[in-house]
Amino acid sequence: MKKNDIITLEITAIASQGSGIGRCDTMAIFVPASAVGDVLEVRIVKVDKNCAYGRIEKIITPSPDRIASDCPAFPQCGGCDFRHISYEAECKAKCLRVADAMKRIGGVDIAPEEYICAPSPDRYRNKAQLPYAMTKNGAVFGFYAERSHRVVPCSDCLLQPEHFSRIAAAAAKFFEESGNEPYDELTGKGRVRHLFMRTSQSTGETVVCVVVNGNGLKNEPEFVEAVRSAYDKVSGVVINVNRENTNVILGSKSRTAWGSDTITDRLCGMDFAISVKSFFQVNRVQAEQLYLKAAQYAELTGSETLLDLYCGTGTIGLSMANNVRQLIGVEIIPEAIENADKNAQRNGISNARFICADAAKAAEQLRKEGIKPDVIILDPPRKGCAEELIGTVSHMSPDRIVYISCDPATLARDIKRFSEYGYEVKRLAAADLFPRTRHVESVCLLTREGK
């Protein structure tokens, strides 16, 4: 097999990256925007030692799961993976993915006891990060194409609230007319890098943040008026400075050009203040369902010490604080810890303590202090837990570990590591917090017999 070969291929599975998988002889072929049951004419675009990659030239027989895409930017923009199949088929594929990772990577034959589908697969995101670019048709905001920094224009992303599109259009028009040029990664010149927006799904208030290569924008007061005119619930405008040659979107310094730099949203019956840099689940409705499942697995009685590692703004731990004796949260981002303290005060919670530190170092510090948590909540980033953290957590001997994960592969890997310390998976569930994308959240309960 070589590049530009055209083959007939039946798709039999969905890969973790969202592409369909078919086999030609013994070689796996990965094809984006394909569906299980498709029979396709595929052009080979790349051949590796053990697999190949192709693109659809012609659909010979469509899958029963296939539907017409409702987005003109799909699949070019790279934001969605599954706008071409029914939502039911997407949920089934993600559930199978979690079970496959548990067995293949974790060595545990367990499937989710429940898969929590979203009530709607559209308009669920409360955050957007849009790169700015200049095209032959003028200034645009959009999304990076898969594995590139080429901006694909998108006038209205169906994953985001409609008012984000109105704000982005007003911002693009203002930047073009005022001479705020887009940042060029090759030359390091240009001013505007990204437009970052966060909205409260309970109140509608929205913070607009512009990431700039410099100290600020030209004509900032006029920019504030432009975005406020586009959406009357803009509650703050923030300027974030990022002069570094990096893929990291936000720089270390921010200032508020107008209004407030935080929004307030409601989750699990509590109010949370969220800043631009704070971690907060992008799908509030589904996050509530996930956290309720985590609380069910924690089996709290009111007498426990609960340790919430990777606590962010404190959402998970604070949602359980009324059912424990003591809550300790750990997070490495100072702004998030500041928000967590304020969130505890806002909700009248007096049994919470928050520590700004790396999760592994904080866990070791608490162990040396002699603090023995009864239950530990883990909600790490996509890369999972550091190996030393798993050892430290295990040596603290909690009765229960509730692990929330956004990547089934790293969850399964860490479950295998925990098994070396005697902790085994007792319960597992999955939730769809990111409909139409490849991503899936899981939550599991780990316990061990004896100490």
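Which residue follows α7 with a positive phi? That residue is Gly-370, with phi near 85°. Keep in mind as we go that this is a predicted model.

Let's step back into the helix itself. Helix α7 runs over residues 359-368, and its buried residues are Ala-359, Ala-360, Ala-362, Ala-363 and Leu-366. These residues lie on the same side of α7 because they cover an arc of only 165° around the axis. Turn to the face pointing away from that buried side and you will find Lys-361 and Lys-368, both exposed.

What do the buried residues of α7 pack against? Their partners are the strands β16 (305-309), β17 (326-331) and β18 (352-356), together with helix α8 (387-395).

Now for the cysteines. The structure holds zero disulfides. Take Cys-209: the nearest cysteine sulfur belongs to Cys-157 and is 19 Å away. A disulfide requires two cysteine sulfur atoms within 2.5 Å, so Cys-209 is in none. Cys-209 counts as buried because its relative accessibility is 0%.

Is Cys-444 buried or exposed? With a relative accessible area of 0%, Cys-444 is buried.

Technical notes:
Residues numbered from 1 in each chain as written. Predicted model: local features only at pLDDT ≥ 70, side-chain atom pairs only at ≥ 80, totals over all residues. Heavy atoms only, no water. Buried < 20%, exposed > 50% of the residue type's maximum accessible area, 1.4 Å probe, protein only. Helix = DSSP H or I, 4+ residues; strand = E, 2+ residues; numbered from the N terminus. Arc of directions from axis to C-beta. Contact = heavy atoms within 4.5 Å.
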